Structure formats: structure tokens, C-alpha cells
Amino acid sequence: MTMSPGWYLRRLSRMGPREVGGRTVDALRRRRWRSAPPDGPAVTGARFTAVLPAGAVAAVPPDAAKRLVAEADRLMAGHAEYFGVDRDDLADPDWSYDPKTGRRAPSGYAFDVPYRSEDAVGDIKQIWELSRHQYLTVLAAAYALTGDERYAERVAGHLRSWWAANPPLRGVHWVSGIELGIRLLSWVWVRRLLEGWPGAAGLFEGNPVALRQIWHHQRWLAAFPSRGSSANNHVVAEAAGQFAAACAFGWFPSSARWRADALRSLERHLRGNTFPSGLNRELASEYHGLVLELGLAAVAEADRAGVPVPATVRLVLLRMTDALAAVVDNRLRPPRQGDSDDGHGLVVDGAGTDRWASLLATGDAVFGRLAWWPTVTGTDVRTPLLAALIKRTESTVTRPAGRPAHFADAGLTVLRGPGEIWCRCDGGPHGFLSIAAHAHADALSLEVRHDGVDVLADPGTYCYHGQPEWRRYFRSTLGHNTLELDGGDQSVSGGPFLWTRHARSRVLVAEPSGDGVARWCAEHDGYRPSVHRRRVELTAQSRELRVVDEVRGGPRRAVRLAFHLGPAVTADLVGDRARLTWTRDGEDRSAVLALPGRLDWRAHRGESDPPLGWYSAGFGRKEPATTLVGTGFADGTEEFVTVLGFGG
């Protein structure tokens, strides 16, 4: 995907004067940096002191260690899976190769690489992911747990290979700040976990090539921060990586300045990216997890280095953790709202480790759990390692006495019912900042789960670059459980990460508890002059969810009302009634979906021209799932009533 002149104009229109000025300075600096990069300052006598405290590795639960070692052995055999693509070349990887398209990213000056063009580069996510070096933190953790030097030697060989293939400012791995930030954080943990291996110092602090790479990564991040309308999770990753490296690898004349500047940026942007309620402002649940992981990792480095951290940093992370505990379902799954690209801040666990349980376990270790938090039964490697580094401090702020269900600032409401019914209602802002990069056109959409199974599902994200028709579908209004008018989205897209007009939503009623009926009502103005209003009631006794959609005002308009079923759910649609069935833990479950009779209903599954009837469990992966779509018209007076009733 290449960007047209029109896209650049639309993108410019979403920037303020300060951002334009900053990007102009960036452009001039990129031109100046085109000449041969400097070697960096000479470093002598460097020592790595940011080691794990005694007993940290021994505190890792045996089952978590077993999963980690199994994952490390798979990596040692050359196997891994990224975004739906199985790789068997990791014994000796090509750092510029995309296994999905078979293309190699061109070399040359980094800022000349057309990384958005799949024709020229390949799938950039496939290329970048391996070079975040989070698989190397897994291998290094396996060494720390077992003492088996094979893992350490593989890590060392791959780092030397990467450094040789990717000299400063050459190639695709020097284009994006989030990649440099996460890579630095990985290197810090690799060095920490290799402590005790005889070759560790010679690989890092005693290696001029490594020192030059670490210095240039930090120089780059100091020069090209994400700005203005792009200051979302990317800037948090940049600041966290810069700060971690400046603490753990503080061997350079600029280290103190980099550390101070990065901490200021981290504090500012953690606050800026987070609602006071604790939910992430991008309204994309996976990015809530990413930012929380990055923030915890940064605090771990600060505490290990004895660097004071503003109280607001810990407060934001505390509120994010409480908010996560509040919104997950009974199986500890958060909402599937907004974009998701499976991004992680720190990876030291094997396959099968629950990311959200791990974050809640870390929150318990660092902040203390509240009585209403859900129970976490799983184990992980990361929690005892972070807990060994982070100083536990007693909070002086008031935390929620009961489980919050309505987050007014984020417009997110969770209705809960018997039989582990969970319903997420969306009446919040259309994303974050002027471009709302990771938002979907999903105003007033619902997610409904029963005992953790997606019944009415958010279909997910699937892709970012290279497949524009699929990117459009998964972020479209039709791609969510809400109502579409006249075949268009509620908000206007200007590109794959750009919205030029945002639907404005407001919650009118939020009563998630009380007298056996939970109620929610909201409306949005994305189809001006019409207003879409939706009312939802969840009745405990009857175990019914009633959804009423109104199109208020405006001319007669074409309507499409979509309900996306989870991939485990089978639908038998007869007229305006669908019987839904699925299995959970070997037990048959069912529900009945009574649909508005004034619309004509059809079931769609796995259609590609145009896309309809799909579910993406993770980035780069999609599978057919049933979508029920009702078509008709609204003239400003109709109510469309849907009732979802759960069987016994």
C-alpha cells in the first residue's frame, strides 16, 4: 500500500501548527543524517549492574518454566509462528525477508525505504516482528532458568547477525520508533537474563558493535519522537525503551539526559494515553495491554536503577490494572474493541500463558488485588521477575470499592447477567487524537459472551497494510454489531490509520446493576441529520438481552443491521429467528436470536467479494464465521427490536 498525494493532504489537515513544525524539523534532520553516521562516543570500563535480585529466577513456578523451555526448544529448532505464518528458518534468519510474500525489504538509507508498500517491501509487520527480538528474550529466559548455554549461544549468534546486517540508519529496521523502543527493551532483558553466562559481557558492554548499536538506537529515539496526532502507544514504547536502555545501559555521555527526557515523555504520555478511569484512550483493548506492559517494564528499570519515578506514573498503571480487572469476562478476556496487532511490551513466557492473567498477577504483586478482582489461577514467568525489580508501594489513592461497570469517560459499559453473560456496550469517543488511528467505525456496537464464548462477536482486525479491502471491512460499521445507514460508515476514513470525520456518541442511560434489569442507552450523530439511538436491557430472571435500535429524524434511509456470531457458534436462520448453538467444555449450549421482522434477513459466511462473515482471532489470521444481516429502510419513526434469549 502506497500513500497518494490526497492522503498526504488529508493527513496534513489533521495536524496542528506545532506538529507541522516538528515534522519539518524531522525532515531536515533526516536529510542531514543521510551522510555516514558517527561511530558514537568511546566507552571504556562499562559494567552491567541491572541484574535480577537473588531468588528471582527460583520464584518462577515450575509449570510456567516448563512452558517457557518448550517454547525455547521450538525456537532452537528454527520454528515460530507470526501473524498466521509458520516459519521454519529461525535457526539462521534473513532479517529483511517476509515469508508471507517472499519479498525482501530493500537496503539503503532507512528513510528512503517505502515500508508502506507491500509490493516493494513485503508485509512490513512480518519483517519487523522478528526484529523486536522478543523471541530472544524467551531464549535468554530459558538460559536463566536452566543454565543450558545452547540458548545463550543462539541468542549471541542472532544478535551478532542482526547487528552486522542492520548497521545504523540502513534498512527497514531503522524506520519506525516503536520498533527501536521495543527492541531496546528486549536487549536490556536479554542482557539481564544472560547474567552468569561467561560470554554476556563480551556480547554487550565489551563489544564495540553492540555499544554502537545501543547508542544509535537511543540517538534515533531522542531525535525522532512520535508527535502530535501520532502520539499514541508508539510514543509510550519509544519512551519506555529509551528510558530502560538509559537506565540499564547508562554508559554514554548522553545517558543522563536521555534518561531524564524519556522519563518526562513517559509520564506525560502515559497520562495522555489513559482516561482517568484507567482505560486506554485509543479504545483498543490490545493496546491497553501493550501500554500497561511497557509502563510496568519501565518502572522495573527505574526501581532497579534507583531512579525516582513521578507518583503519577504508578498511579496511571494502578488505574489501568484496576480497569482491566473490571472489564474482563469470567474467563479473563477483555473486550475485542478497536485495533489489535498482537503487540507485546515484554515477552518471557511460553505459548499457553494467558496474557491478561499475567498482567493481573503482576498487578496483584505490585499494587495488591482488590476483593472484587476476578480470581487468577494461571502462572507465568514474567510476574515474579518484574515483582523482584519493582518496589511495592502502598497506594494512598482511593481505589474502587466494588467492580466498576460503567466508564463514563471512555463510554464503555459492561452488563453482566446470570450464567456468566457478559455484554460490552460502546458509547464512547471515536478513538484517540485527531486521526483516531486505531479506531473502528463501531459506535453503539455490542459484544456478547456466554461463559467466555463469543456469541455476538467483535470480528477483530486481521490486517493493517497490503490488503486495503480487508482493512476497510474489519474497521467498517458493517463489520460490527451495530446499524449502518445508506451503505456508509458512521465515521469517514481518510486512510488505513486515518479518520477525517468522527462520529460523536453520548451515553444517555447507564444502569449496569439494580432491580434485576441492567440498562444502557446511547446515541451517535455519524449519519447526520439522522441520529442512531440504541437501548439495551439485560434481564436477569429471563436471561434475555433486548436491543432496540431507532433512526431518529432525517430522510428515508437504507438500513443494514448486522450481528456477527463467534466462530464457535452455529446459526439456523429461519425467517427472522435464528437458533444459535455451540459447545463449551463438552457441554452443549444454545440461544435464540429473535430479529426485527421489518428487515429481510440473510446469513453470510466466509464471503470475499466483498468481505463479509469473518472472525479474526489474532493479527494476520481470519476464519469464516456467520454474520446475520437485515436489510430494509427507516423513515425516522421505526424501532428495530432484537431479543437474544439464552437457553438453560
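Over the ring of which residue does the charged end of K125 sit? In this predicted model, the charged end of K125 sits over the ring of F619, at 5.4 Å from the centre of that ring. A second contact of this kind involves R150, which lies over the face of Y151 at 5.1 Å from the ring centre.

**Aromatic pairs**

The structure holds 23 aromatic pairs. One of them is formed by F111 and W220, whose ring centres are 6.1 Å apart and whose planes stand at 25°, so the pair is stacked, the limit for stacking being under 30 degrees. This pair links distant parts of the chain, since F111 belongs to the loop between β2 (85–87) and α4 (118–121), while W220 belongs to helix α10 (residues 208–223), and the two residues are 109 residues apart. W220 is buried, with a relative accessible area of 3%.

A further pair, W162 with W187, is edge-to-face, with 6.0 Å from centre to centre and 75° between the planes. Here too distant parts of the chain are linked: W162 is in helix α7 (residues 149–165) and W187 is in helix α8 (residues 177–193), 25 residues apart. W162 counts as buried at 0% relative accessibility, and W187 is likewise buried, with a relative accessible area of 0%. Both tryptophans also belong to a cluster in which ring pairs link F48, W162, W163, W187, F204, F249, W251, F252 and W258.

The two pairs described above are set out here with their values.

| Pair | Centre to centre | Angle between planes | Arrangement |
|---|---|---|---|
| F111 and W220 | 6.1 Å | 25° | stacked |
| W162 and W187 | 6.0 Å | 75° | edge-to-face |

**Helix packing**

How are α6 and α7 oriented to each other, roughly parallel or roughly antiparallel? The axes of α6 and α7 are 7 Å apart and the helices pack at an angle of about 150°; angles over 145 degrees count as roughly antiparallel, and α6 and α7 are therefore roughly antiparallel to each other. In passing α7, α6 makes a left-handed crossing.

Helix α15 (residues 355–367) and helix α16 (residues 382–389) pack at an angle of about 25°, with 9 Å between their axes. For α15 and α16 the angle falls under 35 degrees, and these helices are therefore roughly parallel to each other. The crossing in which α15 passes α16 is right-handed.

**Backbone details in loops**

The bond from R528 to P529 is cis, with omega near 10°, and P529 lies in the loop between β12 (517–524) and β13 (531–539). D609 and P610 are also joined by a cis peptide bond, for which omega is about 0°; P610 is found in the loop between β20 (607–608) and β21 (611–612).

Positive phi values occur in residues other than glycine as well. H133 has a phi near 60° and is placed in the loop between α5 (124–130) and α6 (134–146), where H133 is buried, with a relative accessible area of 0%. L444, which is not a glycine either, has a positive phi of about 70°. The loop that holds L444 runs between β5 (421–426) and β6 (446–450), and at 0% relative accessibility L444 counts as buried.

**Cysteines and strand β12**

How many disulfides does a search of the whole structure find? The search finds zero. A disulfide is a covalent bond between the sulfur atoms of two cysteines.

V517 and R416 are 101 residues apart in sequence, and their C-alpha atoms are 9.9 Å apart in space.

Conventions: Residues are numbered from 1 along each chain as its sequence is written. This is a predicted model: local features need pLDDT of at least 70, side-chain atom pairs count only at pLDDT 80 or more; totals for chains, interfaces and linings use all residues. Side-chain values use heavy atoms; hydrogens and water are left out. Rings of Phe, Tyr and Trp (its six-membered ring) pair if their centres lie within 6.5 Å; planes under 30 degrees apart count as stacked, over 60 as edge-to-face and the rest as tilted. Helices (H or I, at least four residues) and strands (E, at least two) are DSSP runs, numbered from the N terminus. Buried means under 20% relative accessible area, exposed over 50%, partly exposed in between (1.4 Å probe, protein chains only). A charge sits over a ring if NZ of Lys or CZ of Arg is within 6 Å of the ring centre and within 35 degrees of the ring normal. A disulfide is a pair of cysteine sulfur atoms within 2.5 Å. Axes are lines fitted to C-alpha atoms, for helices over the stretch in contact, and angles run from 0 to 180 degrees between N-to-C directions. Angles under 35 degrees count as roughly parallel, over 145 as roughly antiparallel, 65 to 115 as roughly perpendicular and the rest as oblique. A crossing is left-handed if the near helix is turned anticlockwise from the far one by less than a right angle, and right-handed if clockwise.
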